[in-house]
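Hello,

Here is the structure you are taking over. My notes on it follow below.

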Amino acid sequence: MVRPINSIEENLASVRCRMMRVLGSPEQEGKHNHTVQLVAVSKTVGADQIWEAYRCGQRHFGESRVQEWLAKKDQLPADCRWHFIGRLQTNKVRYLDESIVLIHSLDRVALLEALNAEGKRRNHIWQTLIQVNIAEDAAKAGFAPQDLPLFLEKAAKCPFVALRGLMTIGRINASPEAACETFSALRRLRDSLRTSGSVNTEKFTELSMGMSGDIEPALAEGATLVRVGSDIFGRRP
């Protein structure tokens, strides 16, 4: 639910307070030995609104369309840290640049190969997360957990793609209990892959999970990145 707060500054403060209530709770003591990054989802948001968030100290922003990101990025400071969070078309990979610090949505072999080829061409290693359809939602993209071992074999042959962890999208309107189970399952999968001995999983530290409506259960289950849009910038038209 979008909260009736008037300004982006107040919205950001509210989201950060929600995060700290979870991270600072007694139940979480000793569980979070990592930094949690708030990614402000700026897709469909104008550069002036992103500037307002930037002036409030926000640096990490999430985009889902390459053309939209290209139109905005040069209007904003160079120290903005851009995350690509949407489905990435293989024919758009060539338009990305080094200001994309993390691709959250590596969801198929064709995209892996396109990223590796473009990385080789420009001698750049893309930092990525594997998108996993952990909730088995037919409306969501991503690998089924049982398909990951074969994908990891293919990724081991792509030196210009670095795998840093997993991403998932929770079910819409899921109960807190159901959301916790989804996010817990992703964390357990991440942990099992880290200890499996698979190539490319030794640096599997990141869990991108949780959005405006479910950041609390995501953080409680170990999210390292949360992607929040409407509770910062307001509901999209």
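Threonine 44 is partly exposed, with a relative accessible area of 44%. This is a predicted model, and everything in this email is computed from it. Threonine 44 sits in the loop between β1 (37-41) and α2. Its phi is near 70°, a positive value in a residue other than glycine. Another non-glycine residue with a positive phi is asparagine 123, at about 55°. Asparagine 123 belongs to the loop between α4 and β5. With a relative accessibility of 64%, asparagine 123 counts as exposed.

Back to threonine 44 and a residue in contact with it. Glutamate 68 is part of helix α3 (residues 66-73). Along the sequence, glutamate 68 and threonine 44 are 24 residues apart, while their C-alpha atoms are 7.7 Å apart in space. Leaving aside residues up to four places away in sequence, glutamate 68 touches Ser42, Lys43, Thr44, Val45 and Glu63.

Aromatic residues

How many aromatic pairs does a search of the whole structure find? The search finds 3. In one of them, the ring centres of tryptophan 51 and tyrosine 54 are 5.5 Å apart and the planes stand at 75°, so the pair is edge-to-face. The cut-off behind that label is an angle over 60 degrees between the planes. Both residues lie in helix α2 (residues 47-55), 3 residues apart, which is about one turn of the helix. Tryptophan 51 is partly exposed, at a relative accessible area of 30%, whereas tyrosine 54 is buried, at 13%.

Phenylalanine 143 and phenylalanine 151 form an aromatic pair as well, and that pair is tilted, with 4.4 Å from centre to centre and 40° between the planes. Phenylalanine 143 and phenylalanine 151 are both buried.

Tyrosine 54 has a charged group over its ring too: the charged end of arginine 59 sits there, 3.6 Å from the ring centre.

Tryptophan 51 also turns up among the contacts of leucine 76. Not counting residues up to four places away in sequence, leucine 76 touches Ala47, Ile50, Trp51 and Trp82. Leucine 76 is in the loop between α3 and β3 (81-84). Is leucine 76 buried or exposed? At 7% relative accessibility it counts as buried, because the cut-off for buried is under 20%. Leucine 76 and leucine 186 are 110 residues apart along the chain, and 34 Å separates their C-alpha atoms.

Helix α5

For leucine 150 itself, which is found in α5, the relative accessibility is 51%, and it counts as exposed. That value can be set against the cut-off for exposed, which is over 50%. Leucine 150 and threonine 182 are 32 residues apart along the chain, with their C-alpha atoms separated by 22 Å.

Threonine 128

Threonine 128 has 0% relative accessibility and counts as buried. Which residues does threonine 128 touch, not counting those up to four places away in sequence? They are Leu102, Ile103, Leu106, Leu115, Val161, Ala162, Leu163, Arg164 and Gly165.

The largest pocket

About 1000 Å³ of space lies in the largest pocket. Its lining is made up of 35 residues, and Ile169, Ile172, Met211, Ser212 and Gly213 are the ones that lie nearest its centre. The elements giving two or more residues to that lining are α6, β8 (225-228) and α8 (230-233).

Regards

Key
Residues numbered from 1 in each chain as written. Predicted model: local features only at pLDDT ≥ 70, side-chain atom pairs only at ≥ 80, totals over all residues. Heavy atoms only, no water. Helix = DSSP H or I, 4+ residues; strand = E, 2+ residues; numbered from the N terminus. Contact = heavy atoms within 4.5 Å. Phe/Tyr/Trp six-rings, centres within 6.5 Å; stacked < 30°, edge-to-face > 60°. Buried < 20%, exposed > 50% of the residue type's maximum accessible area, 1.4 Å probe, protein only. Lys NZ or Arg CZ within 6 Å of the ring centre and 35° of its normal. 1 Å grid on protein atoms, 1.4 Å probe; cavity = no way out; pocket = protein on both sides within 12 Å on 5 of 7 lines; lining within 4 Å. Points joined across faces, edges and corners; volume = space filled by probe spheres on them.
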